[in-house]
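Okay, thanks everyone, let's get going.

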Amino acid sequence: MVYGALSTHRQTDPAALTIPLQARSVIYETKVVRGFWLNRWFGTVSPEDALDALSQVRGLVADEVLSIPRGRPFPLERFTEAIALAETPARGAKPLFVFDDGRDKDDS
């Protein structure tokens, strides 16, 4: 399974956009290659079905069947640094904007 091609959105090197695929594996082992774009899928299903799917994924994360890598938090005032990190190849953690909700940390 290959997922997350967003990091290739400005890629111009064809080799970086290639997925190694053995023809023999596809033909003789009857493997299947299928693309999936979440944004397009959202446009084809009802809001209820989309919410149900997202709830199922949330449950898998809560049950630790799936894990989501932690983002690197950035306050909004450091957005240029966050954007620069997002544009860096093989950057590790994705930038994650954090917003001050106006409460003191002791008020939580």
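I'll start with the ground rules, then go from the overall layout to the side chains.

So, this is a predicted model: local features need pLDDT of at least 70, side-chain atom pairs count only at pLDDT 80 or more, and totals for chains, interfaces and linings use all residues. Residues are numbered from 1 along each chain as its sequence is written, and side-chain values use heavy atoms, with hydrogens and water left out.

Layout, then. We've got four helices and two strands in the chain, and from the N terminus the order is α-α-α-β-α-β. Helices here are DSSP runs of H or I with at least four residues, strands are runs of E with at least two, and both are numbered from the N terminus.

How much of the chain is buried?

Ser-25 counts as buried because its relative accessibility is 15%. Setting aside neighbours within four places in sequence, Ser-25 touches Thr-30 and Lys-31.

In general, side chains of opposite charge can pair when their charged atoms come close. The rule used here is a side-chain nitrogen of Lys or Arg within 4 Å of a carboxyl oxygen of Asp or Glu, and that gives three salt bridges. Lys-31 pairs with Glu-29, closest N and O atoms 3.0 Å apart. Glu-29 is partly exposed at 48%, and Lys-31 is partly exposed too, at 44%.

Which residues form a salt-bridge network? Arg-72, Arg-78 and Glu-81. Glu-81 bridges to Arg-78 at 2.9 Å, N to O, and to Arg-72 at 3.8 Å. Glu-81 is partly exposed, with 35% relative accessibility; Arg-72 has 38% and Arg-78 has 33%.

Next, aromatics. Rings of Phe, Tyr and Trp (its six-membered ring) pair if their centres lie within 6.5 Å; planes under 30 degrees apart are stacked, over 60 edge-to-face, and the rest tilted. The whole structure has two such pairs. Phe-36 and Trp-41 have ring centres 6.5 Å apart and planes at 50 degrees, so that pair is tilted. Trp-41 and Phe-42 sit at 5.5 Å and 55 degrees, so they are tilted as well. Together Phe-36, Trp-41 and Phe-42 make a cluster. Phe-36 is exposed at 58%, while Trp-41 is partly exposed at 26%, and so is Phe-42 at 31%.

Last stop, the surface. Leu-76, Phe-79, Ile-83, Phe-97 and Phe-99 make a nonpolar patch of about 500 Å². Patches use residues with over 30% relative accessible area and no salt bridge, joining like charges within 9 Å and nonpolar side chains (Val, Leu, Ile, Met, Phe, Trp, Tyr) within 5 Å. Of these, Phe-97 lies in strand 2, residues 95-98, and is partly exposed at 34%.

Conventions
Areas by Shrake-Rupley, 256 points an atom, 1.4 Å probe, with all protein chains shown as cover. Buried < 20%, exposed > 50% of the residue type's maximum accessible area, 1.4 Å probe, protein only. Contact = heavy atoms within 4.5 Å.
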